[in-house]
Amino acid sequence: MNRATFLQNTALAGAAVLLSSLESFAKEHSKIIKVAIIGCGSVSNRYIPHLQTSSLVKIVGLCDIIHERALGQNKQYNVGALTFSSIEDLLKGVDFDLMLTLTDMQMHGALNRKALMAGKNVWSEKPLANTYEEGKQLVDLAKAKNIRIWGAPAVVTSPQFEFMSKTIQSGKLGKLASAHGQYGHTGPTWSSFFYEPLGGSMPDLGVYNMATLTGLLGPAKSVMAMTSIVNKNREIDNKGIVEVKEEDNAHILLEHENGIISHIMCGFNYFDPFGHEAKNQTLHSIQIFGDKGNMRLIGYDWEPKSVVLDTSWTNPPETHVTDDQGYQWQEGATKIATSLSTNIEPKIHVLHSLHVLEIIEAARKSSKEGIKVPLRSVFPWPMV
Ligand SMILES: NC(=O)c1ccc[n+]([C@@H]2O[C@H](COP(=O)([O-])OP(=O)(O)OC[C@H]3O[C@@H](n4cnc5c(N)ncnc54)[C@H](O)[C@@H]3O)[C@@H](O)[C@H]2O)c1
């Protein structure tokens with residue numbers, strides 16, 4: 001064996017030793033997180049396959065009040081979980097670490113509370129609860145029980161969000177003044193809860209822009225809003241015509257620190273040829289303006305494509321972060337499971353979700369009473 005071959009072989013052997021010791025380190029120091037999912041409808045088709053990509057996650061329970069849906073998802077994704085038709089049976093019937101709440105929005109607060117009471121960590125689809133007060137009680141309950149709760153969306157984990165946040169923090173845009181976000185489509189047809197009281201386009205759609213703009217610009221101090229119902233009736237699959245009882249059209253103004261104002265518009269009556277999936281949207285949905293530069297997020301904030309940055313009077317705008325670096329909007333629960341397993345704090349913060357919940361409630365009050373509504377909640381900022 002000559003010297004070069006010797007060095008090559010020992011380097012390979014060293015790498016092999018390193019790799020196996022890393023694997024055993026990971027095995028020793030990280031724990032498999034047992035996950036139970038409540039609500040086996042549309043969005044579970046995104047969550048289950050994503051969770052299955054992680055070696056740190058095992059889905060052990062599936063629950064839906066329509067039990068066939070739990071059975072169906074168990075079979076379709078070859079999960080091998082126990083199935084249940086009530087949260088009580090789920091909590092009694094299988095041992096797990098983290099519950100994912102993917103039910104109708106109106107049920108989240110009550111289900112999250114039951115899981116926390118039983119000592120389970122929670123990842124909740126939006127909203128975290130129906131009111132700010134209810135959400136705050138959940139956060140306090142989790143703290144008292146030394147467990148955790150987190151809420152969707154996961155927009156702050158995208159590389160485009162990170163780029164925008166760091167660009168703002170670096171001062172490249174100068175003094176910030178204004179921002180705008182928009183998100184809408186022609187509305188879900190598969191369930192009526194979106195149009196029932198405490199449903200609506202703000203907790204379903206506006207929530208993404210609220211998380212993005214407060215995440216970038218800091219907590220809002222006050223809210224003014226106008227909301228309306230444009231379509232009085234909707235046709236729902238397997239249900240026929242239902243009356244729309246919650247807003248399907250909303251404009252929200254947020255007042256941040258230092259005179260910065262942002263605006264969000266969302267609704268269930270926005271024609272977008274890319275539809276609910278919106279994957280191929282190539283126009284921007286978020287704009288941030290300062291006196292030295294501006295930024296546009298291409299695509300929707302939950303499905304971002306790139307960021308266009310303009311800081312020059314003479315040069316054309318530059319396009320940044322065209323690589324998604326593996327980010328997917330449905331990754332929140334997988335990130336949280338990884339965090340529980342490794343004890344590394346995620347970027348998603350429950351006080352941010354709670355702040356967004358307070359904005360939604362305040363926007364409804366503002367629109368109803370024609371007033372500016374002050375906010376109480378804050379969250380650790382900047383986020384990245
Ligand atoms: N569908 C999407 O693409 C999507 C994307 C992002 C977020 N979300 C959010 O995910 C949540 C669920 O939306 P969806 O579109 O999957 O709705 P869906 O109607 O398709 O599914 C909800 C499921 O929850 C079940 N359920 C209701 N109450 C329950 C209870 N008490 N116990 C157990 N199961 C119960 C229903 O039977 C139904 O199967 C909502 O908060 C929504 O905003 C949905």
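This is a predicted model: local features need pLDDT of at least 70, side-chain atom pairs count only at pLDDT 80 or more; totals for chains, interfaces and linings use all residues.
Residues are numbered from 1 along each chain as its sequence is written.

**The ligand**

Stay with the ligand and pick Gly39, Gly41, Ser42, Val43 and Ser191, which come nearest of the 23 residues around it. A residue is near a molecule if its C-beta atom, placed from the backbone, lies within 6 Å of it. Now colour domain 1 (33-151) and domain 2 (155-328 + 349-374): both give residues to the shell, so the ligand lies between them. These bounds come from an automatic or database domain assignment.

**The open sheet**

Next, show the strands β3-β2-β1-β4-β5-β6, listed in their order in an open sheet of 6 strands with parallel pairing. Strands (E, at least two residues) and helices (H or I, at least four) are DSSP runs, numbered from the N terminus. β3 (82-84) and β6 (149-151) stand at the edges with a single partner strand each, so one side of each has no neighbour in the sheet. From one strand to the next, the twist averages 25°, taken between N-to-C directions of lines fitted to C-alpha atoms, on a scale from 0 to 180 degrees.

Zoom in on β1 and β2 (residues 57-63), which run parallel and are joined by 6 bridges; two strands pair if DSSP finds at least two bridges between them. Isoleucine 38 stands opposite cysteine 63 in β2.

**Backbone stops**

Most residues other than glycine have a negative phi, and most peptide bonds are trans. Go to proline 127, in the loop between β5 (121-124) and α6 (132-144); a cis peptide bond joins lysine 126 to this proline, with omega about -5°.

Is valine 321 buried or exposed? Valine 321 has 21 other C-beta atoms within 10 Å, so it is buried (20 or more count as buried, 12 or fewer as exposed, and in between as partly exposed, with C-beta atoms placed from the backbone). Its phi is positive, near 50°.

Finish at asparagine 343, in the loop between α9 and α10 (350-369). Its phi is near 65°, and with 9 C-beta neighbours inside 10 Å it counts as exposed.
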